[in-house]
Amino acid sequence: MATGSRKTVRLKTPVRREDLEQLELGDVVYLEGHVYTAREGVYRRVITEGHKLPEGLTELTNVSFHCSPAASVNDDATFNIGAVTATASFRFGALIPAWFEASDCLLILGKGGMTEEDYRNVFVPRGARYLTTVGYGTGALLGRGIKNVKAVHWLPELGIAQAIWVLEVENFGPFLVDSDGEGRSLFEQHNKRLNQRIEGLYDGLKQPALSRMGETVDRREELI
Amino acid sequence: MIRKDTLYATAHELTRRAAIEIPSDYLSGLEAMAAKESEDLSSFVLAAMLENYKAAKEDARAMCADTGVPRFYVKAGNEAKIEGGMVAVEEALRSGLAQATHDIPLRPNRVHPLWRHDNNNNVGLNAPEIEYSFEPDADWVDITTVHKGGLFGTDYRMLFPGDGIDGIKRFFLDAMIAFGKRGLACQPAIVGIGLGGSKDTCMVLGKQAACLRTVGDRNPDPKIAELELELMEMGNNIGMGPMGFVGSSMVVDCHIEVGYTHTGGMPMSVHSFCLSSRRAVARLYADGRVQYRTDPEWFTPYHRRNDVKWQPEAARQSA
Ligand code: SF4
């Protein structure tokens with residue numbers, strides 16, 4: 001698809017550190033090779049309950065995805081996969097250090113990025129990067145990039161939405177680079193620009209009749 | 001008589017249509033926004049969204065893998081006759097959705113809130129929601145399905161009459177900025193606002209305003225219609241575009257629905273119907289015909305009736 005002035009990068013998995021180093025904020029990325037889904041169910045099993053990731057997975061690829069596919073299991077145990085959409089990543093921030101240890105991942109795909117603090121402290125020292133899906137509801141485009149479901153792990157334990165789906169992909173994207181080599185985040189850069197305007201938006205609107213939680217964020221300022 | 005098997009087939013087909021085909025009103029709204037967007041990154045994201053709808057249709061796959069929470073709205077003509085009655089309608093909707101979840105496929109999104117058990121078919125305790133409305137002088141049944149996503153796209157606040165229109169704008173801005181940061185509620189969206197009622201009514205009205213009115217539709221009260229346009233413009237002037245990037249594409253349209261409320265309060269709810277604004281409608285006629293469309297025509301004059309009798313005597317006589 002047309003990417004305007006953006007640079008487009010094609011990465012093969014497993015990804016190599018030197019390839020990740022050339023990624024700049026806002027670059028458009030397409031992937032080829034293998035990626036697998038891992039979200040709260042997988043994190044719980046691996047990090048909290050101490051299960052080992054299925055054999056061969058960490059050798060096959062180092063790209064994991066905060067996502068669940070729209071998929072169903074056929075009567076003959078084959079899979080039918082439709083769209084693929086990411087889930088919000090920021091809530092996994094505290095788990096990522098342990099996840100990197102367990103999975104050896106270098107690339108996390110997800111929705112909405114993580115904090116610059118996470119990038120600086122956890123991603124940068126390992127040479128890992130974060131890519132966000134675009135849109136985000138662009139699940140049909142991502143679904144097109146799936147050539148094959150290579151394996152599904154922990155389906156009985158975790159269900160369709162939370163299981164590990166190992167996907168063979170080609171022209172899989174678009175993704176946008178959200179974290180750079182210094183731990184900056186594209187989202188946070190844009191947020192900073194937006195925040196400068198925010199106060200001005202409320203100019204001329206009178207104060208709330210009662211300062212209730214939500215209208216104020218400080219419990220001590222609540223009138224009732 | 002509307003037959004059971006027609007109801008089932010319609011529920012199945014509605015689920016498929018909603019998941020795959022973006023309604024044309026939302027699509028033209030988004031195209032118009034994309035044409036106006038001047039920020040490079042936001043424009044890139046909007047182009048990807050438009051391409052995604054095409055891909056969904058061409059490949060017959062869901063436009064978004066997050067199914068949201070599928071639900072149904074039933075508007076039954078007062079004279080409609082249904083084989084098996086309303087219980088048969090509910091059974092058809094539940095089984096049609098479950099089968100379509102497997103066939104399309106859709107992600108089974110519904111789980112038990114505590115035990116996280118998933119029936120793998122988007123059906124469970126109190127799910128899907130089915131809401132009802134009735135229509136005089138009609139023998140058809142309209143069924144609308146909506147798959148609304150967005151864990152991050154709903155909020156409620158009890159305002160007071162003293163807050164006035166400024167209070168509404170304030171909460172609207174608070175909500176838009178909160179939903180919009182990093183684009184977690186997947187703007188551009190159709191934003192629905194519920195004003196009045198009690199807390200539950202207020203939430204229901206706002207959600208219906210977002211999901212059951214089409215882009216370009218205005219509230220029949222001209223002053224409320226004006227406020228809809230004003231809020232839409234406010235939302236698009238926040239400076240935020242899709243994914244929370246700098247831009248001007250937040251609100252494809254804004255719809256307000258009002259209900260009489262407690263004399264001391266002015267409750268308000270805000271709901272964003274994300275870029276996967278999935279809705280599909282079918283009218284089932286007594287002779288077995290089924291006609292599909294995308295405008296729910298939910299807020300009929302009868303539905304919004306505002307006095308003891310739905311039609312004042314004067315209007316009745318002139319009709
Ligand atoms: S908010 Fe809508 S478009 Fe975004 S992921 Fe959820 S269902 Fe998809």
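**Salt bridges within and between the chains**

Reply: Arg144(A) and Asp59(B) are joined by a salt bridge whose closest N and O atoms are 2.8 Å apart, the term meaning a side-chain nitrogen of Lys or Arg within 4 Å of a carboxyl oxygen of Asp or Glu. This is a predicted model, in which local features need pLDDT of at least 70 and side-chain atom pairs count only at pLDDT 80 or more, while totals for chains, interfaces and linings use all residues. Residues are numbered from 1 along each chain as its sequence is written, chains are lettered from A and ligands numbered from 1 in the order in which they are written, and side-chain values use heavy atoms, with hydrogens and water left out.

Between chain A and chain B the count is 5 salt bridges, and over all chains it comes to 40. The contact between the two chains (heavy atoms within 4.5 Å) takes 66 residues from chain A and 58 residues from chain B. About 5100 Å² is buried between chain A and chain B, with carbon and sulfur atoms giving 61% of it; buried area here is the accessible area (1.4 Å probe) that two parts lose on being put together, summed over both.

A further pair is formed by the side chains of Glu188(A) and Arg182(B), which meet in a salt bridge at 3.2 Å, N to O. Glu188(A) belongs to helix α8 (residues 186–201) of chain A, whereas Arg182(B) sits in the loop between α5 (164–180) and β5 (189–196) of chain B, so this pair joins two chains. Helices (H or I, at least four residues) and strands (E, at least two) are DSSP runs, numbered from the N terminus. Arg182(B) counts as buried because its relative accessibility is 12%, where buried means under 20% relative accessible area, exposed over 50% and partly exposed in between (1.4 Å probe, protein chains only).

Within chain A, Glu40(A) forms a salt bridge with Arg91(A), the closest N and O atoms being 3.2 Å apart. The pair links distant parts of the chain, since Glu40(A) is in helix α2 of chain A and Arg91(A) in the loop between β5 (79–86) and α4 of chain A, 51 residues apart. Both partners count as partly exposed, Glu40(A) because its relative accessibility is 30% and Arg91(A) because its value is 35%. Other residues of helix α2 (residues 40–48) of chain A are buried, including Gly41(A), Val42(A) and Tyr43(A). The cover over the buried residues of α2(A) includes β2 (28–37), α4 (96–103), α7 (155–162) and β9 (164–177) of chain A. Just after α2(A), Gly50(A) takes a positive phi of about 75 degrees.

Within chain B, Arg293(B) forms a salt bridge with Asp142(B), with the closest N and O atoms 2.7 Å apart. Arg293(B) lies in strand β9 (residues 290–293) of chain B and Asp142(B) in strand β3 of chain B, so the pair ties together parts that are 151 residues apart in sequence.

The area buried between domain 1 and domain 2 of chain B is about 1900 Å², of which carbon and sulfur atoms give 54%. On the side of domain 1 of chain B, Lys148(B), Arg279(B) and Phe299(B) lose the most area to domain 2 of chain B, together 36% of what that side buries.

The count between domain 1 and domain 2 of chain B is 1 salt bridge. Arg304(B) forms a salt bridge with Glu257(B), where the closest N and O atoms are 2.7 Å apart. Arg304(B) and Glu257(B) are also part of a network of salt bridges that links them with Arg213(B), Asp217(B), Arg218(B), Glu228(B) and Asp253(B).
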